[in-house]
Amino acid sequence: MSNKFQNIKINWSKTKTEYKFTEFKDLSDKRLRHYLYHLPLKQTLEWVCAVSEKEQETNSIFSIIGDRGTGKSSFLQTISDALKKKKYQSEKKTELYILDQIDPTLFDSSLTLIELFVSILNQEISKSSGGNTLNDSYFEKSTQFSRMSREVIEVLKNYKMEDSTFAEKNSSIELLDDIEERQNFIDKIAQLIEVFLQIKISEDNQIYSHIVIQIDDLDLVSNEKIFKMLNEVTKFLANQKQLIIFLAYREEQLINSLIDSLIKENEMLLQRNYITDEEIKEQAAKFIEKSFPRSQRVYLRINNRSSIKQILEPFIEEQQEGQLELLLNKDEQLDEFIKAQIQLNTRLMMEPIDRFELTSFVYPNSLRSTLQYLELIYHLTDYEALLSHYTVSEKTTLSSEEVIKASEVLRKNVKRYKYFLLSLFIEQLNNSEYDILDEWLNRSYNSRNSYICTKLGSILLEHIDSVWIDFDPKTIRTIIDKQVYNVSLGDVFTMFEYYKRLMKSSEKSIHFIYAMKLLYSIELLLTYSKATINYYKMEEADRKNDLLYKEIGLSNYIYLAQGKIMPDGMFYNNELISGNLDKVVYYKKSMSRELLGKIVYSDITANGDIRRTSQKVEQDFRVRNFNYQYRYFFKKEDFTENNQYLADPYSFLSDIYYLEEVLDSFTDSVAPSMYIFYSMFDMDVFVRKNYSKQNESNLVRYGLKRLNEIFTYDLTVVEEREMRQGFSIPLFKIGTKTFREPYSNKEIDSIYTEYLKHGLVTLDIEKVDSRRRTGEIKKFFRNYAKQNEFIPSSLTDFEVERFLSFVDPKSRKQYSQRTDKVIVEKINQAIRSETNEQVANDND
């Protein structure tokens with residue numbers, strides 16, 4: 001399969017080496033705009049033009065600044081080619097004599113820059129043709145050059161001999177000042193350059209005005225050597241009238257090297273507090289500002305808005321004029337292109353929905369890393385084209401073989417992307433955090449949630465007394481104390497959010513959380529797609545059994561999702577709160593298992609599993625809380641009628657029945673897709689969606705309808721629509737972002753009217769503030785009336801009338817201390833009696 005991007009013939013071998021952009025005649029050539037760094041190149045060549053025409057009054061140093069991998073070496077080669085071919089539009093007929101790039105690693109040897117410079121000039125002279133040696137003028141100039149080069153070397157030799165004694169008492173700058181005063185060193189170098197150019201003019205019959213030096217990759221040199229080299233450049237070479245110097249370096253590294261050297265030189269003064277660190281930094285800043293004028297600097301940067309066409313232009317083998325614009329949108333930006341290609345071919349979203357996680361590491365920020373990303377995408381199998389081939393308009397279903405083939409291609413792409421990401425993460429993350437990530441990958445699926453929560457939770461608890469962080473230590477300890485098989489994906493998400501708050505000032509730590517969420521997404525997708533392949537390789541008759549999820553390998557997916565993807569206590573609205581003891585589901589046999597599985601996430605009752613864990617102590621039953629570590633909390637197999645179960649509206653996403661139903665739906669290419677959860681970034685949509693509305697009388701129905709909007713993409717709030725842009729797309733359909741609504745209107749009504757109700761909780765009226773008693777009485781009475789067909793028989797006729805008047809939505813009754821207190825107590829007794837009866841039945 002191929003896509004438009006893959007139809008472009010790109011020589012990827014060229015991306016592994018330095019290149020030069022040569023496809024332009026001069027600065028007015030329109031083709032120059034195809035070059036990624038056309039503006040820096042234009043600025044550089046215009047400066048060279050001004051220097052060559054004696055219009056430049058500042059020093060002769062020009063800086064090419066960029067991080068590693070941004071293409072500084074390639075840019076220098078492009079400059080060199082442009083200068084040799086005189087593309088800088090100088091009106092004078094002079095030429096520039098361009099020396100080969102100087103290897104910066106030589107500065108870490110005993111050679112100084114000036115020694116190396118003189119040696120290179122001498123080598124260039126040695127290349128001269130034999131015929132010129134008989135020319136008297138040439139011989140004279142050659143002899144003069146040899147004498148002057150020996151004098152320069154002799155000065156440097158004396159400098160080295162005195163270095164061991166003189167340098168002990170003086171700074172390096174003072175030492176070079178001494179050399180200048182005694183030897184007129186700058187003039188000697190100027191004379192040497194002039195003689196060299198005269199020799200080359202006679203040799204080549206060209207009018208050379210300047211020598212060009214190129215020094216690349218200064219960041220490969222130690223701080224001490226760089227400082228020494230820069231001193232030589234600024235003191236002896238920077239103001240040479242016939243010399244142009246190009247320096248390529250990382251600005252941050254240059255500043256740090258200067259500061260490091262100045263600290264060592266001024267160590268005694270710093271220790272005695274005669275000067276401060278700020279003064280050292282200021283001194284370094286002034287040195288850079290003076291030595292490297294801002295007007296003589298260009299910055300090479302790759303950012304998210306860089307044009308894909310400009311990045312790829314030098315590597316396209318065939319200039320397919322006219323066709324190229326059809327194959328690749330020239331205005332398409334880097335981030336949008338990479339994001340779209342990754343999603344279409346892996347069904348993964350690489351851009352986080354939480355903007356805080358969108359660090360500088362998410363998208364490539366250098367030319368080298370950008371080309372590596374693009375090469376990865378180029379070699380992915382075009383999954384979208386494969387689906388397009390399978391889902392032609394006249395077909396209404398996919399065959400089992402087509403689902404298997406598509407799943408295999410998808411898994412291949414996802415795996416390739418996974419290993420590419422791991423190679424990035426090992427470079428981008430802190431060692432300690434990468435070790436956590438690496439260990440997580442090596443763990444079994446059923447222990448990964450527990451492992452990551454324990455590691456991050458321990459770090460959080462270590463810092464709980466040292467910094468102010470808005471999180472609850474009890475929640476952290478509760479998650480850590482859970483048994484391995486009880487730690488849900490919602491717990492993992494909670495830990496991720498807490499860790500982000502703690503490490504909010506560390507971009508690498510924030511990127512670590514991003515990396516973990518992306519790897520979780522990849523693992524969930526790989527495990528589910530593997531189960532899909534196994535499912536469709538089975539005969540249809542074999543698919544209908546209670547252990548299907550184990551036979552097809554769906555267990556690994558379930559281990560990661562672990563019954564509940566949403567955080568405990570997630571507040572949707574006043575009536576929908578995840579895992580809240582006051583917002584529970586009452587199970588009756590008239591309720592279908594499918595509907596119950598959508599709304600609850602465990603067959604452990606809200607107050608604990610009395611059948612399995614209760615013990616009798618002094619005539620009372622001790623009910624163990626579900627948070628304790630021994631609770632196998634998320635199993636959903638056996639429900640008991642009239643028991644209360646904890647609810648979460650997203651429980652269906654990890655329900656086995658739902659997961660198997662989704663598997664069976666993949667062959668239907670017409671109906672809206674059923675949503676399968678695998679992207680951790682989708683959770684950021686779930687937790688940020690608004691499920692509430694002021695003055696809404698039916699918050700259960702309202703909240704579930706708002707949940708449906710996410711999947712059907714029926715969103716009206718602008719912020720929610722923008723957030724939804726980063727949501728998952730169907731695995732086996734193209735051209736759509738919508739899914740089937742999880743809850744039908746009938747199911748929503750059924751959940752509200754019969755099953756989703758407040759728990760049977762007694763009311764202690766004495767503990768309620770007197771100003772709030774009327775409201776609490778109404779809430780208490782109405783809640784009881786919703787859950788019970790009969791009014792307690794202990795109420796008198798007058799009390800019944802009073803009770804019913806409060807239940808009436810239009811009631812304006814006020815609290816009556818004598819009457820209402822009696823009614824409340826009688827209802828409390830009824831609740832206690834019903835609860836005790838339920839406990840006894842369960843115990844039997």
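This tour goes through a predicted model one selection at a time.

**Before you start**

Residues are numbered from 1 along each chain as its sequence is written. Because the model is predicted, local features need pLDDT of at least 70 and side-chain atom pairs count only at pLDDT 80 or more, while totals for chains, interfaces and linings use all residues; side-chain values use heavy atoms, with hydrogens and water left out.

**The whole chain**

Show the protein chain as a cartoon. It has 34 helices and eleven strands. Both are DSSP runs numbered from the N terminus: helices are H or I with at least four residues, strands are E with at least two. Of the 844 residues, 54% count as buried. Buried means under 20% relative accessible area, exposed over 50%, and partly exposed in between, with a 1.4 Å probe and protein chains only. Now think about contacts, meaning heavy atoms within 4.5 Å. Among those between residues at least 6 apart in sequence, 76% join residues at least 24 apart.

**Stop 1: helix 2**

Select residues 38-52. This is helix 2, with 15 residues. At 1.5 Å a residue it should span 21 Å, and its end C-alpha atoms are 21 Å apart, which agrees. The expected span is 1.5 Å times one less than the number of residues. Eleven of the 15 residues are buried, so helix 2 is largely enclosed by the rest of the structure. Color some of the buried ones, including L41, W47 and V51. Then step to K54, which follows helix 2 and has a positive phi, near 60 degrees.

**Stop 2: helices 14 and 15**

Select 334-346 and 367-378. Helix 14 and helix 15 pack at an angle of about 30 degrees, with their axes 10 Å apart. That makes helix 14 roughly parallel to helix 15. Axes are lines fitted to C-alpha atoms, for helices over the stretch in contact, and angles run from 0 to 180 degrees between N-to-C directions. Angles under 35 degrees count as roughly parallel, over 145 as roughly antiparallel, 65 to 115 as roughly perpendicular, and the rest as oblique. Helix 14 passes helix 15 in a left-handed crossing. Left-handed means the near helix is turned anticlockwise from the far one by less than a right angle; right-handed means clockwise. Show the side chains in the contact: among them are F337 and I338 of helix 14, and Y373 and L374 of helix 15.

**Stop 3: helices 17 and 18**

Select 400-428 and 431-442. Which way do helix 17 and helix 18 run, roughly parallel or roughly antiparallel? They pack at about 150 degrees, with axes 10 Å apart. They are therefore roughly antiparallel to each other. Here too, the crossing is left-handed. K418, L422, F425 and I426 in helix 17 meet Y434, L437 and L441 in helix 18.

Stay in helix 17 and pick S407. S407 is buried, with a relative accessible area of 1%. Its contacts beyond four places in sequence are S529, T532, I533 and F732.

**Stop 4: Q562**

Go to the loop between helix 24 (555-561) and strand 6 (583-586), where Q562 sits. Q562 is buried, at 7% relative accessible area. A polar atom of its side chain lies 3.4 Å from the backbone oxygen of Y485. Beyond four places in sequence, the residues touching Q562 include N449, S488 and F634.

**Stop 5: S679**

Find S679 in the loop between helix 27 (656-665) and helix 28 (680-688). At 2% relative accessibility, S679 is buried. Leaving aside neighbours within four places, S679 is in contact with S521 and S728.

Terms used
Polar contact = N/O pair within 3.5 Å; in protein donor to acceptor, adjacent residues only side chain to side chain.
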